[in-house]
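Subject: Structure handover

Hello,

Here is the structure I said I would pass on. My notes on what turned up in it follow below.

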Amino acid sequence: ETHRARLHGYRRALCVRSFVHRGTPARPGLVLGLDRGGSCIGMAFRVPDALRDEVIDYLRARELVTNVYLERRLPVRLEGGPVVEAVTYVVDRAHRQYAGRIDADEAARAVNGAVGQSGPNEEYVLNTVAHLEALGVSPAKIRVVFNRIEPPKRPRTREDVRAEKGRGGRRRRHVLAGAVVEAGPDQLRVLHAAGHGQPGRASR
């Protein structure tokens with residue numbers, strides 16, 4: 001069960017320098033984070049209460065790779081529904097990976113050519129925009145950066161081949177960045193606030 005949801009007070013932004021999955025300390029990439037100001041639409045996933053601890057552990061392992069995010073409880077509004085308290089992962093502005101407010105040209109320069117453990121940074125941005133728009137979310141500022149980057153150039157890896165075989169030859173690559181979790185008395189609700197994801201693929 002999924003629901004669209006809005007988090008007020010934080011926006012989706014390319015504001016985190018990636019030292020691991022989409023870049024390196026010597027050549028950082030740029031990935032999404034929830035930064036202060038504005039609002040953010042994402043997808044809420046309803047998870048059984050029995051899986052609460054497992055999901056929380058998974059999210060912490062995924063989001064806190066370099067501790068650039070802070071776990072916070074904030075209110076989110078479910079589309080057509082109530083406001084609920086959520087566990088959110090927002091960017092730590094005091095962390096050395098916080099890029100701050102940068103313009104589209106600077107962001108594109110950071111993205112172009114950066115490569116990390118999960119692949120090219122360009123691939124991350126291209127797939128993120130495609131997935132957000134497929135969900136009906138219009139990431140206007142991120143699309144400006146999207147229009148300034150070049151498609152990634154890299155040889156196909158064994159992982160690519162296995163992924164294509166597992167999906168019947170159809171390539172589909174999504175990444176994760178930012179999540180919100182809402183715990184109710186009988187359930188756990190996970191909101192991928194960045195609006196895109198594939199289990200097991202991180203973005204730091």
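E71 counts as partly exposed, at 29% relative accessibility. Its side chain meets that of R60 in a salt bridge, 2.8 Å from N to O. E71 belongs to strand β3 (residues 69-78) and R60 to helix α1, so the pair ties together parts that are 11 residues apart in sequence. R60 is partly exposed as well, with a relative accessible area of 37%. Please keep in mind that this is a predicted model.

The count of salt bridges comes to 10. Another of them joins R73 and E85, whose closest N and O atoms are 3.3 Å apart. Here strand β3 supplies R73 and strand β4 supplies E85, so parts 12 residues apart in sequence are tied together. R73 is partly exposed at 45% relative accessibility, and E85 is partly exposed at 47%.

D105 and R148 form a salt bridge too, at 2.7 Å from N to O. D105 sits in helix α2 and R148 in the loop between α4 and α5 (158-166), so this pair ties together parts that are 43 residues apart in sequence. D105 is partly exposed at 41% relative accessibility; for R148 the value is 41%.

On the overall layout: the protein has 5 helices and 8 strands, in the order β-β-α-β-β-α-β-β-α-α-α-β-β from the N terminus. Of its 204 residues, 50% count as buried.

The largest nonpolar core has 28 residues, and L14, V16, L30, V91, V125 and V145 touch the most other members. Elements giving two or more residues to this core include β1 (2-18), β2 (29-48) and α3 (121-134). Helix α2 gives the most, with 5 residues. Leaving aside residues up to four places away in sequence, V125 touches L14, V111, F146 and I149. There is also a second, separate core of 12 residues, with Y10, C40, L78 and A86 among them.

Is H95 buried or exposed? H95 has a relative accessible area of 16%, so it counts as buried, the cut-off being under 20%. Its side chain reaches the backbone oxygen of T66 at 2.8 Å and the backbone nitrogen of Q97 at 3.0 Å. Not counting residues up to four places away in sequence, H95 touches T66, N67 and V68.

Regards

How values were computed. Residues numbered from 1 in each chain as written. Predicted model: local features only at pLDDT ≥ 70, side-chain atom pairs only at ≥ 80, totals over all residues. Heavy atoms only, no water. Core = buried A, V, L, I, M, F, W, Y, C linked by side-chain atoms within 4.5 Å. Buried < 20%, exposed > 50% of the residue type's maximum accessible area, 1.4 Å probe, protein only. Helix = DSSP H or I, 4+ residues; strand = E, 2+ residues; numbered from the N terminus. Contact = heavy atoms within 4.5 Å. Polar contact = N/O pair within 3.5 Å; in protein donor to acceptor, adjacent residues only side chain to side chain. Salt bridge = Lys/Arg side-chain N within 4 Å of Asp/Glu carboxyl O.
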